[in-house]
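The exercises below ask you to read features from a model and to work through each one in order. Keep the coordinates open while you follow the solutions.

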Amino acid sequence: MEIDELKDELVKLKQCNYTLKKERLKYRELFNWANDAILLFKFSNTNDPIIITEANTAACKHFGYKYEELIGKTNLDIDSQETALRGPEIVSNLVAKGHEVLEIAHRNKNGESIPVEINHKLIYLGGDTMIISVIRDITIRKKNEQELKESLEREKQLRETLENEISQRITFTRALVHELKTPLTSMLATSELLSKNLAEEPNLSYMKCLYAGIQDLNLRIDELLDIARGEV
């Protein structure tokens, strides 16, 4: 009877192991199908490097390592120099908050810096403290942001240049109006006086024509000044 019970227990144990193995393969497949890079780190304390214990296919592609090469590496192996210096601070903040999203830079196998957005969380597995990190490459976003920044800077410079040119044109126009108005005022007054006092033809007609022309010119200069004022 005891042997039969033992056999039953062994059968159940095998079935349980098979089910666990099947579930593990299913979750491993889902893990590898994720588009974002995912790393699992083992954490001991904030002053020590955190060790990679698991990585999906996207993470291997992101860093340029084979799975076997990536497992066992620490954050110091994959972080940029600047990020590595901030490592203890980043981990301390994570421990304090439990979850954090931030932008840092990684370093791939070729030594190239990759800007990333990292969403990491402190978790507990089998009595161990772990950090799970979901990593998104933001190279294109950063490139677009830089191009937008440069475009805005160019627009600012063009606007400043245009405003400077308009200011110079207004200054020139006002100076020109002033220079024209000074002799024109005397001409206008003299021609008006002569047109009223001349009686002989054709001199009277000539003077009236000259006076009308000076008035028209004076009006055009006033319009030019109004346009310059409107550009301020």
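**Exercise 1.** Which residues lie nearest the centre of the largest cavity, and how many residues line it?

*Solution.* The model is a predicted one, and the search begins with the number of cavities: the structure holds 1 cavity of 30 Å³ or more. In the next step the volume is taken, and about 180 Å³ of space is found in the largest cavity. Its lining is made up of 18 residues, and those that lie nearest the centre are Ile 50, Asn 75, Asp 79, Ile 104 and Ile 118. Sorting the lining by element then shows that strand 1, strand 3, strand 4 and strand 5, together with helix 4 (75-78) and helix 6, each give two or more residues to the largest cavity.

**Exercise 2.** Determine the strand order of the sheet and state which helices pack on the sheet.

*Solution.* Begin with the inventory of the protein, which comes to 8 helices and 5 strands, arranged from the N terminus on as α-β-β-α-α-α-α-α-β-β-β-α-α. The sheet of 5 strands is open, with antiparallel pairing and the order 2-1-5-4-3. Its edges are formed by strand 2 (51-55) and strand 3 (99-107), each of which pairs on one side only, and from one strand to the next the twist averages 35°. Within this order, strand 1 (residues 37-42) and strand 5 (residues 128-137) run antiparallel and are joined by 6 bridges, and Ala 37 of the protein stands opposite Ile 135 in strand 5. Turning to the helices, helix 6 (residues 87-97) packs on the sheet by touching strand 3, strand 4 (113-125) and strand 5, with a direction that makes about 160° with that of strand 3. Helix 7 (residues 139-197) also packs on the sheet and touches strand 3, strand 4 and strand 5, but here the angle is about 135°, taken against the direction of strand 4.

How values were computed
Residues numbered from 1 in each chain as written. Predicted model: local features only at pLDDT ≥ 70, side-chain atom pairs only at ≥ 80, totals over all residues. Heavy atoms only, no water. Pairing = 2+ DSSP bridges. Helix = DSSP H or I, 4+ residues; strand = E, 2+ residues; numbered from the N terminus. Axes fitted to C-alpha atoms, helices over the stretch in contact; angles between N-to-C directions. Contact = heavy atoms within 4.5 Å. 1 Å grid on protein atoms, 1.4 Å probe; cavity = no way out; pocket = protein on both sides within 12 Å on 5 of 7 lines; lining within 4 Å. Points joined across faces, edges and corners; volume = space filled by probe spheres on them.
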